[in-house]
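Subject: Handing over a structure, with notes

Dear colleague,

I am passing on the structure we spoke about, and below it you will find my notes for a first reading. Please keep the two side by side as you go.

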Amino acid sequence: MSSDATVDVDGLGSVTIAQLVDLVRVSETAERYEDMCKFVDLLVRTKASKKEDLDVEERNLLSVAYKNVVGSKRASWRTLSGGFEDAEEDLIEQYKGIVEKELEDECKQVLALLKDCLIKTVEGNNDETEVFYLKMSG
């Protein structure tokens, strides 16, 4: 992809791919993992539309983004599953259902990126990139 190609980012206007990668890094440093996922999603879809794969750093950023968002929601779910003596059980179950839905949505989002964009780009290469994506989807 040419370095001057741009993509529109909500609230930020038009940015280059390099600037988008910078946004992914900055959001990681700021521990804004949901923003990181949004930026990574846009990066993946943009590069996939040009039939380009992610480089090693971009792959690692993808993994970090979703690992942190999913990990946080899993930790919340475990906490809610532990039970609370000072709250109504049905209220906690309803709240746990909300967290489960958010967790499921995040998992579906990353799986869709892997299936629809990333694995298709490297399918049949039998290289470390293909293994990386297949392991992530597992």
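What follows goes from the whole chain to its helices, then to the core and the cysteines.

Please bear in mind that this is a predicted model. The protein chain has an average pLDDT of 92, and 97% of the residues score at least 70. Confidence is lowest in strand S1 (residues 6-9), where the mean is 90, and highest in helix H1 (residues 17-29), where it is 96.

The protein chain contains five helices and two strands, and read from the N terminus these elements follow the order β-β-α-α-α-α-α. Along the principal axes, the C-alpha atoms fill a box of roughly 60 × 35 × 20 Å. Of the 138 residues, 33% count as buried, and among the contacts with a separation of 6 or more, 54% come from residues 24 or more positions apart.

At its N-terminal end H3 is capped by Asp 55, which has a side-chain oxygen 3.1 Å from the backbone nitrogen of Glu 57, and after the helix comes Gly 83, with a positive phi near 90 degrees. Among the buried residues of H2 are Met 36, Cys 37, Phe 39, Val 40, Leu 43 and Val 44, together with Asp 35, Asp 41 and Lys 47. What covers the buried residues of H2 includes S1, H1, H3 and H4, and the helix is followed by Lys 51, whose phi is positive, near 60 degrees.

The largest nonpolar core has 28 residues, and those with the most contacts inside it are Leu 20, Val 44, Leu 54, Leu 62, Tyr 66, Leu 118 and Tyr 133. S1, H1, H2, H3 and H4 each supply at least two residues of this core. Once its neighbours within four places in sequence are set aside, Leu 62 is in contact with Val 40, Val 44, Leu 54, Leu 113, Leu 118, Tyr 133 and Met 136.

As for the cysteines, the count of disulfides is zero. Cys 37 is in no disulfide, the nearest cysteine sulfur being that of Cys 107, 11 Å away; with a relative accessibility of 2%, Cys 37 counts as buried. For Cys 117 the closest cysteine sulfur is in Cys 37, at 14 Å, which is too far for a bond, and Cys 117 counts as buried because its relative accessibility is 9%.

A last point concerns Arg 45, which lies in helix H2 and, at 36% relative accessibility, counts as partly exposed. Apart from its neighbours within four places in sequence, Arg 45 is in contact with Leu 113 and Cys 117. Arg 45 and Asp 116 are 71 residues apart in sequence, while their C-alpha atoms are 9.1 Å apart in space.

With best wishes

Conventions:
Residues are numbered from 1 along each chain as its sequence is written. This is a predicted model: local features need pLDDT of at least 70, side-chain atom pairs count only at pLDDT 80 or more; totals for chains, interfaces and linings use all residues. Side-chain values use heavy atoms; hydrogens and water are left out. pLDDT is the predictor's confidence in each residue, from 0 to 100. Helices (H or I, at least four residues) and strands (E, at least two) are DSSP runs, numbered from the N terminus. A polar contact is a pair of N or O atoms within 3.5 Å; within protein, one must be able to donate a hydrogen and the other to accept it, and residues adjacent in sequence count only if both atoms are side-chain atoms. Buried means under 20% relative accessible area, exposed over 50%, partly exposed in between (1.4 Å probe, protein chains only). Contact means heavy atoms within 4.5 Å. A nonpolar core is a set of buried Ala, Val, Leu, Ile, Met, Phe, Trp, Tyr and Cys residues joined through side-chain atoms within 4.5 Å. A disulfide is a pair of cysteine sulfur atoms within 2.5 Å.
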